Amino acid sequence: MFKRFNKIGYLKLFTDVIILLGSFLAASWLSHREIDRMDRVIVVSFIVAWYLSSKVTNLYEDFRTEKYVSELILVLQNILIQFIVAGQLFFMLDQHAHARVFVVWYLTLITLALIFKGYVTKKLLLIYRRRGGNFRNILFIGYNDVTNDLIESIIVNPHYGYKVKGVVCKEEMHTDDFSYLGDLHKFFNNGISQNIDDVIITSDEVNKEERNAILQFCEERAIRTKIIPNYNNFPPRSIRLSLFGGYPLISMRGEPLQDWHFRALKRAFDVVFSLLVCVLLFSWLFPIIALLIKLDSKGPVFFVQDRWGENGKKFRCMKFRSMRTDAKDVKQDGKFNQATKSDPRITKLGAFLRKSSIDELPQFFNVLKGDMSVVGPRPHAHEHNLQAKEEVDKYMIRHWVKPGITGWAQVNGYRGETKTTLMMQKRVNLDIWYLENWSFLLDIQIIIMTVYNAVKGEEMAY
């Protein structure tokens, strides 16, 4: 269903249309193509196609809590539609003169301009929101772990542009993070709804009558009401139905990669992508890195370690060595010794290799062998797995798919050391979400986010 644009969405649409027009004129000039009356039809078609595709893809949705790369993926999808529309138009209108050169210039110009404009816009909005502009006041009804996580996320990310006005719930509480505003009775009768933009219901104890009363109360005051359902009370939304001996069989977790054609598609992409990396990058970078490792410290070029793959099967995972050869993987208490910030086991060159993720490049050989995939849950060392499966809920589910060089958890900030069991649980939850929601486009998005994060630099990369 189409969604209405907000004010910033309309501004983005207007500037994008200007970019489309400018790119059209510039591409015509660069391809030595004369502009005639028929071009009015062409340029209007481009604009209409962009408008419709942006509505379908929700390109101008409020991305205040999303990273720029999420917007970039949608921009590239809309540019692909422009390519399809351009091909169809020039074919139907028999406009062959300089058409190929024009289309190449047009797509190149709008791609560069829209990527640059989107990045600058994102940065300006972040600065503006940090200074208190373009913010929305939120009131939560109900207090539980979900509420606490959302409030914590808002507090540590001021650039989201949200301010917590308070929490309405039955149990009285006192905290410095937010204001306790009483129960629903006080919410309805004491006028505490002033200056509130959104009400978010997180409580699973609100019954149907109370929910309808909240909705009516808020809509009479032009306050948007949103509900975060409690998924603990019913099965995951990704259940799958199949037949077993003529009987309907419900799988409690959907796994797209159980279908052979999706597995074949993912494997074909893994092989092609890994070969390109090995030929175009690894072929000349490997001897340089190998020489630097040898000059930096004594020991082998590669670090090879037993890790758990699909279905818990062990494989030999390869990395460029980034630690001293006498580094211990297991502490004296028997627990796995994770790499930490300023870890004395890491060599000087190893710190750079780990920060830039170059140490992971040899794992493309593991991908070609079939032990790993380009994208998937990160494989952990044998000792780490033994410890984590006893402490982390649903830990072994992440082994239902091949491990990856990068993954959904890593691009969402959960890479490197996991200092607490809670951090490890959040990483596993993201890994499980990935295997339940896999798609080819999601893999592409994760790869783009990985490259973007590597260039930008990550705090947890050490």
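Seven bridges join strands β7 and β8, which run antiparallel; two strands count as paired if DSSP finds at least two bridges between them. Helices (H or I, at least four residues) and strands (E, at least two) are DSSP runs, numbered from the N terminus. The model is predicted, so local features need pLDDT of at least 70 and side-chain atom pairs count only at pLDDT 80 or more, while totals for chains, interfaces and linings use all residues. Residues are numbered from 1 along each chain as its sequence is written, and side-chain values use heavy atoms, with hydrogens and water left out.

**The hairpin of β7 and β8**

Strand β7 covers residues 302-308, and strand β8 covers residues 314-320. Five residues lie between the strands of this hairpin, and N311 takes a positive phi near 60° there. F302 has F320 as its bridge partner in β8. Strand β8 is mostly covered, with five of its seven residues buried. Here buried means under 20% relative accessible area, exposed means over 50%, and partly exposed lies in between (1.4 Å probe, protein chains only).

**Aromatic rings**

A pair of aromatic rings is described by the distance of the centres and the angle of the planes. Rings of Phe, Tyr and Trp (its six-membered ring) pair if their centres lie within 6.5 Å; planes under 30 degrees apart count as stacked, over 60 as edge-to-face and the rest as tilted. The structure holds 19 aromatic pairs. In one of them, the ring centres of F282 and F365 are 5.1 Å apart and the planes stand at 70°, so this pair is edge-to-face. F282 belongs to helix α8 (residues 260-296) and F365 to helix α10 (residues 363-369), so the pair ties together parts that are 83 residues apart in sequence.

The rings of F286 and F302 have centres 5.7 Å apart and planes at 15°, so that pair is stacked. F286 lies in helix α8 and F302 in strand β7, so parts 16 residues apart in sequence are tied together. Ring pairs link F282, F286, F302, F320 and F365 into a cluster. The table gives the accessibility of some residues of this cluster.

| Residue | Relative accessible area | Class |
|---|---|---|
| F282 | 7% | buried |
| F286 | 29% | partly exposed |
| F302 | 24% | partly exposed |
| F365 | 30% | partly exposed |

Elsewhere, K163 lies over the face of F135, at 3.9 Å from the ring centre. A charge sits over a ring if NZ of Lys or CZ of Arg is within 6 Å of the ring centre and within 35 degrees of the ring normal.

**Helix α5**

Helix α5 (residues 145-156) has 12 residues and reaches 17 Å from its first C-alpha to its last, close to the 16 Å expected at 1.5 Å a residue. The expected span is 1.5 Å times one less than the number of residues. In α5, T147, I151 and I154 are buried. These residues cover an arc of only 60° around the axis, which puts them on the same side of α5; the arc is that of the directions from the helix axis to the C-beta atoms. The face turned away from the buried side carries the exposed residues D145 and V156.

**Positive phi in two loops**

N58 has a positive phi of about 55° although it is not a glycine. N58 is found in the loop between α2 (38-57) and α3 (68-92), and its relative accessible area of 23% makes it partly exposed. K394, also a residue other than glycine, has a positive phi near 60°. K394 is placed in the loop between α11 (382-391) and β10 (404-406) and is partly exposed at 41%.
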